[in-house]
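Subject: Structure for your review

Dear colleague,

Please find below the structure that I am handing over to you. My findings follow it.

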Amino acid sequence: MAASRPDNQDAAQPGMRLLIVEDEHKAAAYLSRGLEENGFVVDVAHRGEDGAHLARSGTYDAIILDVMLPGRDGWSIIEELRRHEIETPVLFLTARDAIHDRVKGLELGADDYLVKPFAFSELLARLRSILRRGRAKPPPSLRVADLELDAVRHRAMRAGRPLELTPKEFQLLALLLRRTGEVLSRTLIAEEVWDINFDSDSNVVEVHMRRLRSKVDDPFDRKLIHTVRGVGYVLEERS
Amino acid sequence: MTNVPARWRSGWSIALTMTLWYALFSFGVMALAAGILYWTLAQSMYEEDVRDLADNLNNARLLLRSAPADWTLHPEGRRPAWAPPHQPEIYLRVLRADGRVLTETPGMSRELPPPGKAELATLSAADGARHDTVSASGQPFVTLIVRVPGERAADPPQFLQVAMDREHDEQLLAHYRERLWLVFGLSLIVCVAAGYLIARGGMRPIEEISHKAARIRSTTLDERIATRHLPVELRNLADTFNSMLDRLEQSFRHISEFSDDVAHELRTPINNLRGEIEVALGKARSGEAYRETLGSCLEECARISRLIATLLFLARSDTSTHPLEREQIDVSRELATVEAFYGAAAGDAGIAMRATGAERLQGRVNRTLFQQAIGNLVSNAISHTPPGGSITIAAHESGAGLAVSVEDTGCGIAPEHLPRVFERFYRVDRTQEGSAANVGLGLAVVKSIASRHGGGVEIASEPGRGTKVKLTFPR
């Protein structure tokens with residue numbers, strides 16, 4: 001599916017419904033705007049009680065739940081949903097990243113969590129990963145414009161010419177291609193390609209990206225890998 | 001159960017307890033001494049009386065032998081010739097073996113009834129018998145009685161009894177006892193008062209220490225307790241107290257410097273944000289210009305987030321009681337991962353990097369933190385090593401556990417900085433301040449990670465030759 005994406009709107013199937021339960025209006029507003037722009041249909045609840053009601057009655061593909069809510073906290077909402085066997089995926093947001101908080105959320109049946117402050121791109125990536133769960137794996141061959149990647153034979157071609165990539169460069173390109181149109185943060189790239197799990201606070205990923213570009217983009221007029229300043233990198237065909 | 005002595009446990013005042021013990025002890029000693037003296041006095045008075053009585057008895061015996069007839073004819077009421085002239089308290093009586101009184105000092109039978117026949121029969125020839133009795137009117141008496149054989153063998157034996165009224169002695173002793181009680185009472189008061197004063201005097205330095213300590217505030221942490229005039233026992237306590245104050249003052253200074261640094265580090269990116277946004281909003285711009293500004297702002301936000309995350313990590317590591325989540329890792333593989341990740345950056349900087357580690361070296365660590373510690377060290381090494389240099393990551397199993405070292409051929413660190421490089425916000429080169437990447441927390445995080453694993457970190461450096469940092473993770 002990813003190889004034939006027309007644009008970044010199809011990361012989620014059109015019209016996937018999301019519920020955001022977040023008491024801070026500003027945060028709820030930018031989240032819903034960002035998610036709508038990425039092709040989701042979004043409902044917002046500012047109070048825990050309303051959120052629980054909507055979550056139980058509505059049919060959502062995923063719920064984004066703030067843990068600290070006035071009146072009724074997020075934990076009890078997850079509990080209630082799971083008790084009624086509503087298995088909607090839940091991504092919870094927390095301002096406290098103490099280990100027992102995370103463990104508690106995951107034990108209660110949440111699917112993933114994010115600690116504030118978080119990058120929107122990170123939220124999007126995790127949300128998509130939750131929604132993708134249980135679906136068919138992407139096809140082994142990926143293609144964007146004249147760039148083609150054969151995951152089975154570990155070969156990359158651009159404009160019919162083979163690209164000489166190191167194994168890590170190949171993995172990096174494969175990641176970008178698989179998530180075409182998604183802006184990937186440096187942290188996520190380090191995690192997926194190098195299995196480096198901490199926020200490395202350095203331009204190390206930039207160096208790798210520069211090397212990849214020198215092979216994939218530099219010899220060609222049409223650039224496919226783009227830097228989104230302050231966020232990360234995206235591979236897509238731009239006119 | 002604590003091992004505090006039982007009598008302190010109830011929170012008694014030391015001064016009060018000491019006073020009580022002191023008073024009790026000195027009073028006891030005094031009472032014992034006075035008691036012995038009293039007993040000696042009473043005893044010697046009694047012995048004196050007995051001697052006196054014996055003299056009288058001997059005199060009477062001699063008289064009785066020389067003129068036995070006088071005795072029997074002695075009429076009632078007349079003072080006999082042998083009677084001691086100035087001793088009205090002496091009584092005398094002569095009896096026959098059958099208990100009949102031949103003669104006696106007038107009034108004696110009223111006070112002391114004569115002994116019976118049976119009692120007289122038990123008396124042997126030579127010794128007399130001594131008795132302490134109380135007379136009919138309640139006076140204390142001491143009596144002596146002897147058997148006086150007749151002049152001729154055929155004469156029946158006679159018995160001579162002398163008695164002494166000890167009333168006078170008893171009065172003397174009673175008077176003495178009264179005085180003694182008075183002295184006891186007074187000395188008890190004096191003992192308590194003196195004990196209290198002594199105890200208080202001994203306690204005064206403790207009170208001074210306590211007063212001094214109570215006056216010390218966060219603003220006067222540089223004050224210390226003067227130890228010169230203190231007694232030896234308390235000097236130790238005061239020294240301990242002072243060294244605690246030293247440590248407190250130092251921690252306090254660190255905390256205050258730390259808050260300063262945090263505020264400063266936050267101020268810089270926020271100032272950038274604010275300025276950029278203000279300027280951007282100052283006039284209408286192209287979409288591209290706005291995008292540029294927003295991107296830059298986002299970078300500043302990321303910087304703030306990272307700073308907060310790092311500070312939180314450090315703060316939690318200091319106080320964390322949660323056990324670390326550990327897993328079994330293949331150390332050489334982890335080092336290879338770090339090498340692969342940082343290799344490109346090192347290569348761009350013209351630095352050769354290699355990781356060596358024994359095959360199948362295992363470690364039980366928190367994988368993410370392990371990566372971060374090594375990553376921070378490598379990142380530091382890259383930024384301090386000139387082109388043409390090299391970085392070596394090595395790991396081996398040592399006696400203490402797993403040891404990992406990162407060694408570079410960089411500019412090195414001057415000896416005066418070495419002890420402080422693991423402190424938060426400590427930067428060897430203060431001119432690097434403001435560069436977003438180097439906040440001066442990297443090594444603090446490394447140290448914290450090592451401590452969380454129960455291990456440690458060592459640094460050795462030679463300016464101009466390079467630096468080696470060694471981490472140990474105990475098994």
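The buried residues of helix α3 of chain A pack against β1 (16-21), α2 (48-57), β3 (62-66) and β4 (90-94) of chain A. This is a predicted model, in which local features need pLDDT of at least 70 and side-chain atom pairs count only at pLDDT 80 or more, while totals for chains, interfaces and linings use all residues. Residues are numbered from 1 along each chain as its sequence is written, and chains are lettered from A and ligands numbered from 1 in the order in which they are written. Helices (H or I, at least four residues) and strands (E, at least two) are DSSP runs, numbered from the N terminus.

Helix α3(A) spans residues 74-83, and its buried residues are Gly74(A), Ile77(A), Ile78(A) and Leu81(A). Buried means that 20 or more other C-beta atoms lie within 10 Å of the residue's own, with C-beta atoms placed from the backbone. These residues lie on the same side of α3(A), because they cover an arc of only 95° around the axis; the arc is that of the directions from the helix axis to the C-beta atoms. After α3(A) comes Glu85(A), with a positive phi near 55°.

Elsewhere in chain A, the axes of helix α6 (residues 167-178) and helix α8 (residues 204-216) come within 10 Å and cross at roughly 85°. Axes are lines fitted to C-alpha atoms, for helices over the stretch in contact, and angles run from 0 to 180 degrees between N-to-C directions. α6(A) is therefore roughly perpendicular to α8(A), a term that covers angles of 65 to 115 degrees. Glu169(A), Leu172(A) and Leu173(A) of α6(A) meet His208(A), Arg211(A), Leu212(A) and Val216(A) of α8(A); contact requires C-beta atoms, placed from the backbone, within 7 Å.

The contact between the chains takes 20 residues from chain A and 22 residues from chain B. On the side of chain A that touches chain B, α7 (186-194) and α8 are the elements that give two or more residues. The largest share of that side, four residues, comes from α8(A).

Chain B holds an open sheet of five strands in the order β2-β1-β5-β4-β3, with antiparallel pairing; strands pair if DSSP finds at least two bridges between them. β2 (101-104) and β3 (129-134) of chain B stand at the edges with a single partner strand each, so one side of each has no neighbour in the sheet. Three bridges join β1(B) (residues 90-96) to β2(B), and Arg93(B) stands opposite Glu104(B) in β2(B).

Yours sincerely

Notes:
Parallel < 35°, antiparallel > 145°, perpendicular 65-115°, else oblique. Contact = placed C-beta atoms within 7 Å. Buried ≥ 20, exposed ≤ 12 C-beta atoms within 10 Å, placed from the backbone.
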